[in-house]
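The following note is intended for a reader who is new to protein structures. Please keep the sequence and the model in view while reading the numbered points.

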Amino acid sequence: MSVGVELEDLTIGTGMVAERSHVVAIRYDLYLNRGDCLQRGIECTIELSKREAIAGLRYGVEGMRAGGRRRVRVPPHLAYGEKGTAVVPQRAVLTFEVELLSVREQ
């Protein structure tokens with residue numbers, strides 16, 4: 001895991017453990033540090049070894065078990081940094097509430 005990412009397991013899953021070499025399906029809600037919800041119920045598939053999602057989210061999913069839920073707090077340098085996006089302000093700390101739906105080999 002990368003320095004700066006804070007993890008809080010909400011529910012420990014019972015399935016396969018997500019590792020960097022895996023493809024995972026997740027569902028997440030995304031919040032700004034001040035509590036504003038930016039996205040809710042987003043489902044996606046991520047190949048953890050590739051840059052298909054921000055680094056902090058990928059690091060936060062590693063080590064989870066399928067069926068688990070985790071809160072992942074991501075500092076700006078592992079999210080959108082100085083630039084931000086149209087909806088994420090510059091230097092924003094992000095909090096993801098992630099549910100790991102499935103894990104599979106690449």
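1. The chain contains one helix and five strands; helices (H or I, at least four residues) and strands (E, at least two) are DSSP runs, numbered from the N terminus. Followed along the sequence, these elements give the pattern β-β-β-α-β-β.

2. This is a predicted model, in which local features need pLDDT of at least 70 and side-chain atom pairs count only at pLDDT 80 or more, while totals for chains, interfaces and linings use all residues. Residues are numbered from 1 along each chain as its sequence is written, and side-chain values use heavy atoms, with hydrogens and water left out.

3. Overall dimensions come next. The radius of gyration of the chain is 13 Å, which agrees with the value near 13 Å for a compact globule of 106 residues; the radius is taken over C-alpha atoms, and the globule rule is 2.2 Å times the number of residues to the power 0.38. Along the principal axes, the C-alpha atoms fill a box of roughly 35 × 25 × 25 Å.

4. Of the 106 residues, 42% are buried (buried means under 20% relative accessible area, exposed over 50%, partly exposed in between, with a 1.4 Å probe and protein chains only). Among contacts (heavy atoms within 4.5 Å) between residues at least 6 apart in sequence, 65% join residues at least 24 apart.

5. The largest nonpolar core has 27 residues. Such a core is a set of buried Ala, Val, Leu, Ile, Met, Phe, Trp, Tyr and Cys residues joined through side-chain atoms within 4.5 Å. Val24, Ile26, Leu57, Val61, Leu94, Phe96 and Val98 touch the most other members. At least two residues of this core come from each of β2 (22-32), α1 (55-61), β4 (69-74) and β5 (94-105).

6. Which residues does Val98 contact, leaving aside its neighbours within four places in sequence? They are Ile26, Arg27, Tyr28, Leu57, Val61, Met64, Gly68, Arg69, Arg70 and Val72.

7. Thr95 lies in strand β5. Thr95 counts as buried because its relative accessibility is 13%. With neighbours within four places in sequence set aside, Thr95 is in contact with Asp29, Leu30, Tyr31, Arg71, Val72 and Arg73.

8. Arg91 belongs to the loop between β4 and β5. Although Arg91 is not a glycine, Arg91 has a positive phi of about 55 degrees. Is Arg91 buried or partly exposed? Its relative accessible area is 47%, so Arg91 is partly exposed.
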